[in-house]
Amino acid sequence: MGMTMSQKILAAHTDKKELKAGELIEADIDLVLGNDITSPVAIREMGKIKADKVYDKDKVVLVMDHFVPNKDIKSAENVKTCREFACSQCIEKFYDVGRMGIEHALIPEQGLCLPGDLIIGADSHTVTYGAMGAFSTGVGSTDMAAAMATGKLWFKVPGAIKINLKGKPGKYVSGKDLILDIIGRIGVDGALYESMEFAGEGVAELSMDDRLAICNMAIEAGGKNGIFPVDEKTLDYAARHLSKKNRGLFGENADIEEIKKGIGSVVGKIYEADEDACYEEVLDIDLSKLRPTVSFPHLPSNTRTIDEAEALKVKIDQVVIGSCTNGRISDMRAAAEVLKGRKVADNVRCIVIPATQEIYLQSLREGLLEIFIEAGAVVSTPTCGPCLGGHMGILADGERCVSTTNRNFVGRMGAKTSEVYLASPYVAATSAVSGFIAGPESVM
Amino acid sequence: MEAKGKTIKYGDNIDTDIIIPARYLNIMDRKELASHCMEDLDADFSKRINPGDIIIAGSNFGCGSSREHAPQVIKDSGISCVIAKSFARIFYRNAINIGLPIIECPEAAKAIEEGDEVEINFDTGDIKDHTKNVCFKSQPFPEFLQKMINAGGLINYINEK
């Protein structure tokens, strides 16, 4: 019996040649990630392990992104705990205000994840890096502590759902619409304990930003990980975003084409699912048939097409464009395309959050920030803030928000009677100028 | 190992934002944190439970965030076990890692009602509903996980190795 792509990566990180779904294994970890919410607990737990030092200071990444810039004294204390830990452990990959970005946008951008890597992070959206052809999954703080101390972690080998893509998506249909559509079909536990492995000719039609957004929300279907095969686009992205250390391996004069050839051999490793790999379920999706999609309260699986949503004339109070799902440069460009020359509707607050300093700067250089501000939106420094009801855009009783984030549970963004509607940047920006949920075709 | 208590019953997809809203995640004091357990769904939760009480829930319990604060506040509230039709995977491993007993048993999760007196034997996997006088059999954990649970969680397990 063949193995899935995920199983192959897991196997390569153990001393076993073959793995079967359901098997319990201990695997070597390439990267351990934590944020300002989960790391303080992990640091406390690591103190209980008989280990003074992290297993490899270059393989631990701490990103301060949830409640930063510090929203209150408690948050400041937590970040201080992380800062002091990073200093005492000589961890260089500590990203504080000024260097930080939303972790799942920052790590691919900084070249810290490569095809074939096994990555764990104390944040459920760690699944994002599957877009790079890595096995990447979210865990808790105690797992993070164990991985920091030992470089190893236990896993139950997942089975998989294969998602076969064909066709080309329409102009205003993004990776976000695809993943919302999938969650709507299979439900919030449709991929429970499973890998979501994407395949088919349609993969080539999806940009890296699309793939990152898709894998990011694999957890919203209960998935253990989401993963894309490595193709020309992955290699190009990896080559352009290589870390400084890995860049050094290619020599000073190496050009992008040379580096691309070395992804998979000099750095990273490329895995493919076996032809006879076993899948629990196969889902066929024609990208050309997808419509912009919106998840209504209070589950990501409660989806409607934009056509159904528009007909309901859902009046809104706030729009958030950003997060680890949709805070990347193509998301900023999509929002700006809609907001250019238009105004945010009366009684709507529109909050735009570029996910990293680099995306912020790029948006500035392309004139996108000017478009946002002229439209009446506000632009924030990178933070997870409003997505999880932390700060920078909390909702009052009964308020409604169209958000490019990833969860719309009860009370997720504020008061327990508030409502969150998940959508793409195109839909969120159009809703901001319309005052109710609307798709880009209604204004463009 | 055994657990005995009255049950509190919830539905499907009880998410981590319901178990412990993110606005409290900067609280490091565990007692203070636990006082907010389930508050957006069940405002009186922390007042109405007694040590040893058992949560019964539907499918996908603990879905959403990876926050370990979720099983921790349930444990610190005095809940002795969660029985559900199914658990979200990160919640499942977090619960085992921190030593909160959880049992996946769709039959028990369906039949047991709020307020029933329930007794659980973790070694045999037997779940007894004394109120209804019925017994359910759950799958015991694989040996590897049982060892970790017996050690009291992942940290102790590593230290003992």
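Modeller: Chain B contains eight helices and seven strands, where helices (H or I, at least four residues) and strands (E, at least two) are DSSP runs numbered from the N terminus. Its radius of gyration is 15 Å, close to the 15 Å that the globule rule gives for 161 residues, so chain B is as compact as a globular protein of that length. That radius is taken over C-alpha atoms, and the globule rule is 2.2 Å times the number of residues to the power 0.38. The model is predicted: local features need pLDDT of at least 70 and side-chain atom pairs count only at pLDDT 80 or more, while totals for chains, interfaces and linings use all residues. Residues are numbered from 1 along each chain as its sequence is written, and chains are lettered from A and ligands numbered from 1 in the order in which they are written.

Along its principal axes, the C-alpha trace of chain B spans about 40 × 40 × 25 Å. Of its 161 residues, 50% are buried; a residue is buried if 20 or more other C-beta atoms lie within 10 Å of its own, exposed if 12 or fewer, and partly exposed in between, with C-beta atoms placed from the backbone. Among the contacts in chain B with a separation of 6 or more, 66% are made by residues 24 or more positions apart. Two residues are in contact if their C-beta atoms, placed from the backbone, lie within 7 Å.

Chain B also meets its neighbour: 35 residues of chain B are in contact with 42 residues of chain A. On the chain B side, helix 1 (16-19), helix 5 (89-98) and helix 8 (154-160) are the elements that give two or more residues. Helix 5 of chain B gives the most, with six residues. By class, this side of chain B divides into 15 nonpolar, 12 polar and eight charged residues. Here Ala, Val, Leu, Ile, Met, Phe, Trp, Tyr, Cys and Pro count as nonpolar, Asp, Glu, Lys and Arg as charged, and the others, Gly among them, as polar.

Chain A has 16 helices and 18 strands. Its radius of gyration is 21 Å, close to the 22 Å that the globule rule gives for 444 residues, so chain A is as compact as a globular protein of that length. Buried residues make up 61% of those 444 residues. The chain is divided into domain 1 (24-156), domain 2 (160-230 + 271-288) and domain 3 (294-442); these bounds come from an automatic or database domain assignment. The centres of domain 1 and domain 3 of chain A, taken over C-alpha atoms, are separated by 28 Å. Between these two domains, 17 residues of domain 1 are in contact with 17 residues of domain 3. The side of domain 1 that touches domain 3 has seven nonpolar, five polar and five charged residues.

An open sheet in chain A consists of five strands in the order 4-3-2-5-6, with parallel pairing. Its edge strands are strand 4 (94-95) and strand 6, each of which pairs on one side only. Two strands pair if DSSP finds at least two bridges between them.

Among the buried residues are A:Ser141, A:Asp143 and A:Met148. Just after helix 5 of chain A, A:Gly151 takes a positive phi of about 75°.

Further along chain A, helix 8 (residues 232-240) has A:Thr234, A:Leu235, A:Tyr237, A:Ala238 and A:Ala239 as its buried residues. Their cover includes helix 7 (208-216) and helix 10 (256-262) of chain A. A:Asp255, in the loop between helix 9 (244-248) and helix 10 of chain A, is exposed, with 9 other C-beta atoms within 10 Å.
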